[in-house]
Amino acid sequence: MDKMINTIEWLAAMFVGIVALNIFIAVVLRKFFNTSIPDSYDFGRMLLGILIFWGIAATSYRGGHITVDLVWTAASPRMKRWIDVFATLVLLFVVAVQTATLFDKVRGTYVDHVLTYDMNIPTWPFYAVAWAGDVSAVVLIAIRTYRLIFHPELLHDEKPEQKADE
């Protein structure tokens, strides 16, 4: 499972690089050569959507995203674990519903044959890649939930206290 988790995180990082490269090339072409990449805006918009959904997948498992919870901080270790399990189950439900609705969007863009403006490229594959990121998020949150309940020692949560000490 750790190999799959690392692969998903690397894919999310790769999409960050692709979005940055698209923006950099578009700016350089516009500034120095007075031209642009056809459909640069459409690509950037859809790549940013892909990045967001794959980013959700990457942050959902590690639990290293920004959180503020005074109740959790004051709770006992046993209560903290129950809060974590409950919060992860709620997150799993929300992201699963989001995944189902995003699939409907993928299907809709495919059926409606939605195309980019300049080159008339179908947009549904971009939506499908974003949906795959959302599916990955559901899988990773399910793995996190399983590990929280049965094997909490396998989680690699980043604790704010540890970051402050470094």
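In what order do the elements of the protein run from the N terminus on? Here are some notes to read alongside the model.

1. The elements run α-α-α-α-α-α, with six helices and zero strands in the protein. Helices (H or I, at least four residues) and strands (E, at least two) are DSSP runs, numbered from the N terminus.

2. Please keep in mind that this is a predicted model, where local features need pLDDT of at least 70, side-chain atom pairs count only at pLDDT 80 or more, and totals for chains, interfaces and linings use all residues. Residues are numbered from 1 along each chain as its sequence is written, and side-chain values use heavy atoms, leaving out hydrogens and water.

3. Now look at helix α4, residues 77–111. Its 35 residues should span 51 Å at 1.5 Å a residue, and the end C-alpha atoms are 50 Å apart, which agrees. The expected span is 1.5 Å times one less than the number of residues. Just after α4, His113 takes a positive phi of about 55°.

4. Which residues of α4 are buried? Among them are Ile83, Leu92, Val95, Thr99, Leu102 and Val106. Buried means under 20% relative accessible area, exposed over 50%, and partly exposed in between (1.4 Å probe, protein chains only). These buried residues of α4 pack against α2 (40–62), α3 (70–74) and α5 (124–150); contact means heavy atoms within 4.5 Å. A handy rule: an α-helix has 3.6 residues a turn, so residues three or four places apart point the same way.

5. Val139 sits in helix α5 and is partly exposed, with a relative accessible area of 34%. Across the protein, 30% of the 166 residues count as buried.
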